[in-house]
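Me: I'd like to go through this model with you. Can we start with the terms and then take the contacts one at a time?

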Amino acid sequence: MKKRKLKILSLIVVLALALLFWGYQKVERFADTPLAIQQEAIFKLPAGTGRVALEGLLVRDKLIRNGKWFPWLLRVEPELAEFKAGTYRFTPGMTVRQMLKLLASGKEAQFSARFIEGSRLRDWLQVLQQSKYLKHTLAGKSEAEIAAALGMPEGGHPEGRLYPDTYLYTAGMSDIALLKRAHLRMEKALQAAWDERDTRLPYKTPEDLLTMASIVEKETAVPEERSKVASVFINRLRIGMRLQTDPTVIYGMGDGYTGNITRKDLETATPYNTYVIAGLPPTPIAMPGEASLKAAANPAKTPYLYFVADGKGGHTFTTNLASHNQAVRVYRQALKEKNEK
């Protein structure tokens, strides 16, 4: 009788161990199951979410097909239950275990906002408005209010004061926080350019250098031309010749610019019309990049006073009006032939 009881007990133990082993295998198989997604998914885990609530969210969003083994996995591997609130990026092929490790790591998804060289503040505001998961606080703000939010002194002008680049952010970050990063980078880049500038240049302040860099940025996208373009404007400043650069006219026209500049536009006085005013415009006209800052800080030493597009993506540089007018005729002929094709 005693031996029979021992056999039954042994059988029960064996069955229990077998059941445990079977259950463990099921849990492991569940942990190694890929999420039920075919493309990247963004998942938001609210603060205060517990184990049961997380399981519900995963099933609701169809990230896992069946949550039967989910609580058992968290018991077997309790370190996976230390998940943190945030917004996460799940990728195809990611397993349930990898997903839980990501939630436990707190490494939230990063998103990007790209700002190109030569763009203006209004372009930046459009990019920010279209950026998902960013906290929008700047809608309806004036340039003066934005400048104040950036910590600029009263009367400051944010145009030109933001460094163009691709910026990464996590969900919930504010648009002004992103702009503050760009502003800080531009301040550092401008200071570096100012410190390394040719001190013989006719700049009174770093703002002058930044304004010149913004003009160079708008005038050419050809890297090797930037220092020559800067030299033309420096040469003009030195002899008291007006800059006569179209991008400043366009900036001064504001919303009145529809794609073309007329003779009337060139003759209409605005603070930015360098066909009318002497010297540099009062502020930058765009956000210059590193290359344009360097070109403005150390222009090439040339005799050039003029340049015009050559019809091939670059410019023809000349030293006198007669040569410039000839270059203009060549450009117009090349443009005419191109349009006739």
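Reply: Contact here means heavy atoms within 4.5 Å. The model is predicted, so local features need pLDDT of at least 70 and side-chain atom pairs count only at pLDDT 80 or more, while totals for chains, interfaces and linings use all residues. Residues are numbered from 1 along each chain as its sequence is written, and side-chain values use heavy atoms, with hydrogens and water left out.

Me: Leaving aside neighbours within four places in sequence, what is Ala327 in contact with?
Reply: Ala327 is in contact with Val308 and Thr316.

Me: Where is Ala327 found?
Reply: In helix H13, residues 321–340. Helices (H or I, at least four residues) and strands (E, at least two) are DSSP runs, numbered from the N terminus.

Me: Buried or exposed?
Reply: Ala327 has a relative accessible area of 10%, so it is buried. Buried means under 20% relative accessible area, exposed over 50%, and partly exposed in between, with a 1.4 Å probe and protein chains only.

Me: What separates the C-alpha atoms of Ala327 and Asp310?
Reply: 7.6 Å, with the two residues 17 apart along the chain.

Me: Now helix packing. At what angle do H7 and H12 pack?
Reply: Helix H7 (residues 175–195) and H12 pack at about 30 degrees, and their axes are 9 Å apart. Axes are lines fitted to C-alpha atoms, for helices over the stretch in contact, and angles run from 0 to 180 degrees between N-to-C directions. That makes H7 roughly parallel to H12. Angles under 35 degrees count as roughly parallel, over 145 as roughly antiparallel, 65 to 115 as roughly perpendicular, and the rest as oblique.

Me: Which residues meet there?
Reply: Met186, Ala189, Leu190 and Ala193 in H7 meet Glu290, Leu293 and Ala297 in H12. The residues of this contact divide into 6 nonpolar, no polar and 1 charged. Ala, Val, Leu, Ile, Met, Phe, Trp, Tyr, Cys and Pro count as nonpolar, Asp, Glu, Lys and Arg as charged, and the others, Gly among them, as polar.

Me: And how do H9 and H12 cross?
Reply: The axes of H9 (residues 226–239) and H12 (residues 290–297) come within 8 Å and cross at roughly 45 degrees. H9 and H12 are therefore oblique to each other.

Me: What meets what in that one?
Reply: Arg226, Ser227 and Ala230 in H9 meet Ala291, Ser292, Ala295 and Ala296 in H12. The contact of H9 with H12 divides into 4 nonpolar, 2 polar and 1 charged.

Me: Where do Phe43 and Phe90 lie?
Reply: Phe43 lies in strand S1 (residues 41–45) and Phe90 in strand S2 (residues 86–90), so the pair ties together parts that are 47 residues apart in sequence. Phe43 is buried, and so is Phe90.

Me: What about Phe115 and Tyr167?
Reply: Their ring centres are 6.2 Å apart and the planes are at 55 degrees, so the pair is tilted. Both Phe115 and Tyr167 are buried.

Me: Which residues do ring pairs link into a cluster?
Reply: Phe233, Tyr304, Phe307 and Phe317.

Me: Last one, backbone. What is phi of Lys62?
Reply: Phi of Lys62 is near 60 degrees, a positive value in a residue other than glycine. Lys62 is in the loop between helix H2 (51–60) and helix H3 (70–76). At 62% relative accessibility, Lys62 counts as exposed.

Me: And Tyr133?
Reply: Tyr133 is not a glycine either, yet has a positive phi of about 70 degrees. Tyr133 is partly exposed, with a relative accessible area of 40%.

Notes. Phe/Tyr/Trp six-rings, centres within 6.5 Å; stacked < 30°, edge-to-face > 60°.
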